[in-house]
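Have the structure open as you read.

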Amino acid sequence: MSVAHERNKDRTNALRVVGLALAVGTLLWTFRDSEPERVASLLRRVGGLGVLILLPQCLSLFVESLGWRLAFEQMGRSLPLWGLFRARLATEALAQTLPMGVVFCESMKPVLLARTCGADLSTSLAGMAVRKWLLVSSQSLYVGGFAVLGFAVLARISVPMLGFQGLPLALSGAASLLLLLAVASYALLSRGRVVTRLHALLTRLPSRWLQARLSPLEARFAHTDGRLRSFFATAWSSPLPLLAFLAGWLLEAVDTFLILYLLGVRLPWTSVGALEVSASFLRNVAFMVPAGLGIQDLSYLAFLRALHVADALNVAAALLLLKRCKECFW
């Protein structure tokens, strides 16, 4: 058992090293022709106003925590907003720092919610499931909205970026898939007994140790299902949690818009939104790489070049240095 565990651990570590190496290699290759003096000049232009760059992500995490608190209230629990914000900040740090951090931070949420909010396991599990639904639902609106608003821009830059038409349709398709996933999750979680059935399935496994552990937890599993049904019973009549999560996504676009503005780049809001939607989508796809390192950076550069931004390479380098410093701070 321990040998198999060690082998799995070695494979995971190897995957992390390979992912990080590829990310760093991509990053160095992408900006190999950038001019350090020009990048430094752009950064000096930002000056002390650079502190403003910290605000959008702080507000994004805060409004998402507020939406999460409202969701817990709809489940019949009132958790402290400050505790939820602390837990959200900690998981964001893990997701941005560690290879496959998005996966790892999920396992930490029950521990953090118990520590910062005093939440029991059933409440934490219900809250995590609801948060996932809110994220997927709001992201489908976010991606779909900017795919529509930025359709003309996306169509114009599709060939320079990809070599063929189809970028707006690809984003529209991604939004449709997210919406389909949200609808399927709603149908599964709102009317079913998903967690209770999972408990029943696990207790059928031929392991006396596992059965002995799970048997006293049956009431907690049923309690989790009850909390989920309570939330989804009012999900549409009380849409504030969903709107708060959507605001969190929109603040990501505000973040990029603000940095570009401070660097002297004036782009329409819809263009910046389309850029950020594509970049965040790539970051989520490349979840094994910490903070989408390399992948996200290449997409920003490709967008700025396709939009004919002057000195795109050095602007992209300055943009990403500011973004990475902001992520390191949080």
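**Salt bridges and cysteines**

Asp120 and Arg77 form a salt bridge, with their closest N and O atoms 3.1 Å apart (a side-chain nitrogen of Lys or Arg within 4 Å of a carboxyl oxygen of Asp or Glu). This pair links distant parts of the chain, 43 residues apart: Asp120 is in the loop between helix H5 (101-117) and helix H6 (121-149), and Arg77 is in the loop between helix H3 (54-74) and helix H4 (81-97). Helices here are DSSP runs of H or I with at least four residues, strands are runs of E with at least two, and both are numbered from the N terminus.

A word on the source: this is a predicted model, in which local features need pLDDT of at least 70 and side-chain atom pairs count only at pLDDT 80 or more, while totals for chains, interfaces and linings use all residues. Residues are numbered from 1 along each chain as its sequence is written, and side-chain values use heavy atoms, with hydrogens and water left out.

Next, look at helix H4, where Glu92 and Arg88 lie four residues apart, about one turn of the helix. Salt bridges that share partners join Glu64, Arg88, Glu92 and Arg131 into one network. Arg88 is buried at 9% relative accessibility (buried is under 20% relative accessible area, exposed over 50%, partly exposed in between, with a 1.4 Å probe and protein chains only).

What about disulfides (cysteine sulfur pairs within 2.5 Å)? The whole structure has zero. The sulfur of Cys328 is 6.3 Å from that of Cys325, its closest cysteine sulfur, so the two are too far apart for a bond.

Key
A disulfide is a pair of cysteine sulfur atoms within 2.5 Å.
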